[in-house]
Amino acid sequence: MTDKRISIPRRTFIRGMGASAGVAVAGCSKTDPPTYGNLLRMGDNLTYKTHRLLLPEHSLAREYDYSDISSVPAIGTTNPADSNQLLFNPEHGQAYEHLLAGAFADWRLTVEGNVAKPGTFTLADLKRMTSRTQITRHTCEEGWSAIAQWTGVPLRAVLEACGMQQDAKFVEFHSYDAIADSVDMIDALHPQTILAYGMNGRDLPTGHGAPLRLRVERQLGYKSVKFIRKIVVANDFGDLGKGGPIGAGWAWYVGM
Ligand SMILES: Nc1nc2c(c(=O)[nH]1)N[C@H]1C(S)=C(S)[C@@H](COP(=O)(O)O)O[C@H]1N2
Ligand SMILES: [Mo]
């Protein structure tokens, strides 16, 4: 992952930047970066465009062996129903309490936005779809990393089942705490981008995002949104409010 970035010769890098300026002018590519309206964030856009121009779209994050699995701390929200947690959301927190008590039998994933068939999925629906299991390293912006096995349905399969529009640009994830985030279509359709319901061979534990979390393996840990309740396919970069990466003061794109 990181070694790819290091191996880019300086000249290629500079040429890449020139080309990315061209992309910015042309607009309407499937990798249009968000408009932050903030000068400080221009560096983030440059990182984003440089990655998207120079790194292969479908390069895979490294996958590990079963024996590499380590213990993974549960970070950030560990129970959206707990009003003492920093990112507690009163409305969705209450709903989560009920769903957790019922072992998620009443939980539904909502998919809406630029899709021909907006709809809802039960956990059983998702488990019946094509599945992918991968052992990957989670890298948190706080400086730790850990390896786990994740099982879930590729996001691409869910988007295709809903008739995703071809000109869609972003996919948003809304959770049962205050967090919301989005990825571009390259990450959304990437084969390792999954909606995970399993971890290390068991159902996803509450602290790790039950019943469903995102795994975006080529970006830092905070992009892997836990406790997902709703997915929105969007043509424009949405303002995801205080719980979104921009509102929280974090970079939207944190590719590794
Ligand atoms: N909904 C939600 N998703 C979240 C978070 C959170 O607090 N709430 N924390 C993020 C951060 S910073 C990290 S490092 C990972 C932690 O995942 P883990 O608890 O399984 O280790 O989840 C990410 N996704
Ligand atoms: Mo993190």
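Pro-90, Glu-91, Gln-94 and Ala-101 are exposed on one side of helix α4, where exposed means over 50% relative accessible area and buried under 20% (1.4 Å probe, protein chains only). This is a predicted model, in which local features need pLDDT of at least 70 and side-chain atom pairs count only at pLDDT 80 or more. Residues are numbered from 1 along each chain as its sequence is written, and side-chain values use heavy atoms, without hydrogens and water.

**Helix α4**
- The buried residues of α4 are His-92, Gly-93, Tyr-96 and Leu-99.
- Viewed down the helix axis, these buried residues fall within an arc of 120°, so they line one face of α4; the arc is that of the directions from the axis to the C-beta atoms.
- They pack against β5 (170-175) and β10 (228-234), with contact meaning heavy atoms within 4.5 Å.

**Ends of α4**
- At the start, a side-chain oxygen of Asn-89 comes to within 3.0 Å of the backbone nitrogen of Glu-91.
- Just after the helix, Ala-103 has a positive phi of about 55°.

**Ligand 1**
- Ligand 1 is surrounded by 23 residues, each with a heavy atom within 4 Å of it.
- The closest are Pro-73, Asp-177, His-208, Arg-213 and Lys-226.
- An oxygen atom of the ligand is 2.7 Å from an N or O atom in the side chain of Arg-213.
- For the side chain of Lys-226, the corresponding distance from a ligand oxygen atom to an N or O atom is 2.6 Å.
- The protein covers 97% of the 540 Å² of accessible area that ligand 1 has on its own, by the Shrake-Rupley method with a 1.4 Å probe.

Note on methods
Chains lettered and ligands numbered in written order. Helix = DSSP H or I, 4+ residues; strand = E, 2+ residues; numbered from the N terminus. Polar contact = N/O pair within 3.5 Å; in protein donor to acceptor, adjacent residues only side chain to side chain.
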